[in-house]
Amino acid sequence: MNKQLMKKQIALYSLFLLSFILLTSFGAAPTGYKAGDTAADFKLKNVTGKMVSLADYKTAKGFIVVFTCNHCPFAKMYEDRVIALDQQFAKSGYPVIAISSNDVAIEPDDSYANMVTRAKAKHYSFPYLYDESQQTAHTFGATNTPHVYVLAKDGNNLVVKYVGAIDNSAQDESLATQHYVADAVTSLLAGQPVAVAQTKAIGCGIKWKASASN
């Protein structure tokens, strides 16, 4: 075997080894829900101190579930849009349910106390729930902040109708040409199928606890 071929094989082996290390250094990402799946309810602590579940909303037609947080720049850029979604659709039966799931040991800004402060400062019209165990984020398959799930009631079931980003312009709302969540809810209210059922959520990665990432 000549030296040139040997060098190539060593380089390929090193690349393979590095890739294997990187892949196995992180816990498996949650698989979670996709459009058409039935979502499970949850019960989480609101910033008011009250425990909240989707079953509490007897007259709701569905929900706009947003995994978000305090610290993430993307969550901050989308915050006013989340508030606007609740103002636009809650009265029609699709309220926003915001959930923070980050490990506060990694991001202290996302502590429950800071969630309470943020919700008051921004006058949230919707619940802001603390997923301390991160089980709800894992069940849904949330990976980013923000990460949105539009759910529609179908009898006793909650059917996932859309998963992904709020729109296609994270930094500047005025540049958005596709408003995925608003369009999905508008279609559902009109009794029409959702044209775009899944997009890639863009934002900071959820900060998982060490035990939760395995």
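Helices (H or I, at least four residues) and strands (E, at least two) are DSSP runs, numbered from the N terminus. The model is predicted, so that local features need pLDDT of at least 70 and side-chain atom pairs count only at pLDDT 80 or more, while totals for chains, interfaces and linings use all residues. Residues are numbered from 1 along each chain as its sequence is written, and side-chain values use heavy atoms, with hydrogens and water left out.

**Exercise 1.** Determine in which helix L188 lies, and whether L188 is buried or exposed.

*Solution.* Begin with the helix: L188 belongs to α5, which spans residues 180-189. Next, its relative accessible area is 18%, and buried means under 20%, exposed over 50% and partly exposed in between, with a 1.4 Å probe and protein chains only, so L188 is buried. Then take the contacts (heavy atoms within 4.5 Å): leaving aside residues up to four places away in sequence, L188 touches Y94, V150, A152, K161 and V194. Finally, the C-alpha atoms of L188 and G62 are 9.3 Å apart, although 126 residues separate the two along the chain.

**Exercise 2.** Work out the strand order of the open sheet, and find which strands stand at its edges.

*Solution.* Two strands pair if DSSP finds at least two bridges between them. On this basis the eight strands follow the order β1-β9-β8-β4-β5-β6-β2-β3, with mixed pairing. The edges are β1 (38-39) and β3 (51-53), each with a single partner strand, so one side of each has no neighbour in the sheet. Within the sheet, β8 (residues 147-154) and β9 (residues 157-164) run antiparallel and are joined by seven bridges; D154 has N157 in β9 as its bridge partner.
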